[in-house]
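Please read the following report alongside the sequence and the coordinates. It takes up model confidence, then a sheet with its helices, and then some local backbone features.

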Amino acid sequence: MDPLLEIALDRRRFHLLSLGAAGATLGASLPALAQGSAARPLVLGMTLEPPGLDPTTGAAAAIGEIVLYNVMEPLTKVAEDGSALPLLALRWNVSSDQKRWTFTLRPNVRFHNGEPFDAKAVKFSFERAGAPNSLNKDRRVFENIAAIGTPDPLTVVLTLKHPEPELPALLAQSPAVIVEPKSAAGNAQNPVGTGPYRVAQWQRGASLSVVAWPGFRDAAAIRIPRVQFRFISEPAAQVAALLAGDVDVFPRVAAARAMTQFKAQPKRFQVITASSRAKTILAINHQRAPLSDVRVRRAIAMAIDRKAVIQASADGFGVPIGSFVTPDTPGYVDCTAINAYNPAAAKALLAEAKATGLSLSLKLPPVPYARQGGELIAAQLAAVGITARIEQIEWAQWLSSVYGSKAYDLTVISHVEPHDFGNFARPDYYWGYRSEQFNALYELMQNAADPAQRMKRFGEAQRQVAEDAVAAFLYQPQWITVARAGLKGLWTRTPLFANDLSALSWA
């Protein structure tokens, strides 16, 4: 980290070191801290810096890590078990065919700019998210809305094209935050929401700070007055920052190899190992020959020893998966036997497809699991005759060239959203999978109002994705959080990438 941008934290205030006028501006913009340890600020570590702060137009999970539930809020909120809780919506009910959802909104809520939160704001947000030119990564959720009724300022009625029993959970994620119409265009730099915090300062490449918003509907319940998100990408630097006390908590930290150091100091640190709904995969670009051939994709999957990758990529903190669903997801089907590790079968499939001597690009984003696991994956592919040319790229490059322009052959990435199975039905998605058979199956699943029938179709769809080797499905990560011993309210499970600051307090 650039020493000119390092920010140290003591019990009562931020000491801004060597920041000159920029630091002075930040210090002046924040209110004085209350006395006592209960009002201490917090430094939270993150591996990646977000490219912007609007989760309705950006795909990076790091955006939600900062703004979701803190600066911007959706109608509902995800609980640790993945279920949906009330947030901007107090309650909801659904018709028997699961196509008509009625949400009752929380009264007397305002956005940071003073504008009222009401049914009109919800209608604007959802129509914007589902528009043909929308950049929302969950646009399919909003495209499924046939009509939005606003019979009064505190009631929203959503009529869906297809049943969606998971709608409350889908609306609890960052792409579904409610935006204020007048300020929506500027949210990437200056997000305006209804949440308990506002962005105070963004030092690009180093940190972003938020401060408690006095106008929040329950401002007295917020126990942490200021939070600084500090961006530290290198695993060794993450561990060093925690040990030095420069960071108070680091969710999803790359500290597996340093676990003994933290566990040996229980009076200083708490260590949480949490399950997740994330899926780490080797994504394959179907639009590039010969990767359009299922035999080649199956060969790539069979060349990879998942358990060895988990050890190299996540220091053993992961569970093998065979499709795009984690074992703790309702309706999970174990597909790990499909395209299981078998180098001899992989070589035979490549020969059958006349695809021997392949040379493919393997683009690795800067996250440690991709860089560490990518090296081993390249070696495993080499063992069956595939040359994987590793290209280490920055996150902005990954978003633009891989996710945006589809300029890649292979890439290692974790999909962290808990309800994103429908991406296989998107023909324009970055992996370019197109299957009429899967689309028909997915349509049946979506239109099945009966829960048993829906789960049956969901299981069939999981097998279809595995048999088509849409990707080489690797593992479900188990995330490690290290924090000061006195910090309360941390999640012990990770249903999605979020840091709910309103739940945190100092002992």
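## Confidence of the model

This is a predicted model, and the mean pLDDT of the chain is 91, with 93% of its residues reaching 70 or more. Over residues 1–36, however, the pLDDT is below 50, although this stretch still has 61 contacts in the model beyond near neighbours in sequence.

## The six-stranded sheet

Six strands form an open sheet with mixed pairing, and their order across it is β16-β20-β15-β19-β17-β18. From one strand to the next the twist averages 30°.

Within this sheet, β17 (residues 359–364) and β19 (residues 410–415) are paired in the parallel sense over two bridges, and Lys-363 stands opposite Thr-411 in β19. In general terms, strands of a sheet pair through backbone hydrogen bonds, in either a parallel or an antiparallel arrangement.

## Helices packed on the sheet

Helix α8 (residues 294–302) packs on the sheet, where it touches β15 (279–284), β17, β19 and β20 (471–477), and its direction makes about 140° with that of β15. The loop between β15 and α8 contains Pro-290, and the peptide bond that leads from Ala-289 into Pro-290 is cis, with omega near 0°.

Helix α12 (residues 395–404) has Trp-395, Trp-398, Leu-399, Ser-401 and Val-402 as its buried residues, and these pack against β17 and β19. Just after α12, the backbone at Lys-406 takes a positive phi of about 60°.

## Helix α9 and Ala-308

Helix α9 (residues 306–314) lies across β16 and β20, running at about 55° to β20. Ala-308 is found in this helix, α9. Is Ala-308 buried, partly exposed or exposed? Its relative accessible area is 27%, and because this value falls between the limits of 20% and 50%, Ala-308 counts as partly exposed.

Not counting residues up to four places away in sequence, Ala-308 touches Leu-376 and Gln-380. Ala-308 and Ile-377, for their part, are 69 residues apart in sequence, while their C-alpha atoms are 9.2 Å apart in space.

## The α13 and α14 pair

The axes of helix α13 (residues 436–446) and helix α14 (residues 451–467) come within 8 Å and cross at roughly 160°. Angles over 145 degrees count as roughly antiparallel, and α13 and α14 are therefore roughly antiparallel to each other. The crossing in which α13 passes α14 is left-handed.

On the α13 side the contact is made by Gln-437, Phe-438, Leu-441, Leu-444, Met-445 and Gln-446. On the α14 side the contact is made by Arg-454, Arg-457, Phe-458, Glu-460, Ala-461, Gln-464 and Val-465. As background to such lists, an α-helix has 3.6 residues a turn, so residues three or four places apart point the same way.

## Positive phi in two loops

Gln-98 has a phi near 60°, a positive value in a residue other than glycine, and its place is in the loop between β6 (89–94) and β7 (100–105). Gln-98 counts as buried because its relative accessibility of 13% is under 20%.

Asn-339 likewise is not a glycine, yet has a positive phi of about 60°, and this residue lies in the loop between β16 and α10 (343–352). With a relative accessible area of 7%, Asn-339 is buried.

Terms used:
Residues are numbered from 1 along each chain as its sequence is written. This is a predicted model: local features need pLDDT of at least 70, side-chain atom pairs count only at pLDDT 80 or more; totals for chains, interfaces and linings use all residues. Side-chain values use heavy atoms; hydrogens and water are left out. Two strands pair if DSSP finds at least two bridges between them. Helices (H or I, at least four residues) and strands (E, at least two) are DSSP runs, numbered from the N terminus. Axes are lines fitted to C-alpha atoms, for helices over the stretch in contact, and angles run from 0 to 180 degrees between N-to-C directions. Contact means heavy atoms within 4.5 Å. pLDDT is the predictor's confidence in each residue, from 0 to 100. Buried means under 20% relative accessible area, exposed over 50%, partly exposed in between (1.4 Å probe, protein chains only). Angles under 35 degrees count as roughly parallel, over 145 as roughly antiparallel, 65 to 115 as roughly perpendicular and the rest as oblique. A crossing is left-handed if the near helix is turned anticlockwise from the far one by less than a right angle, and right-handed if clockwise.
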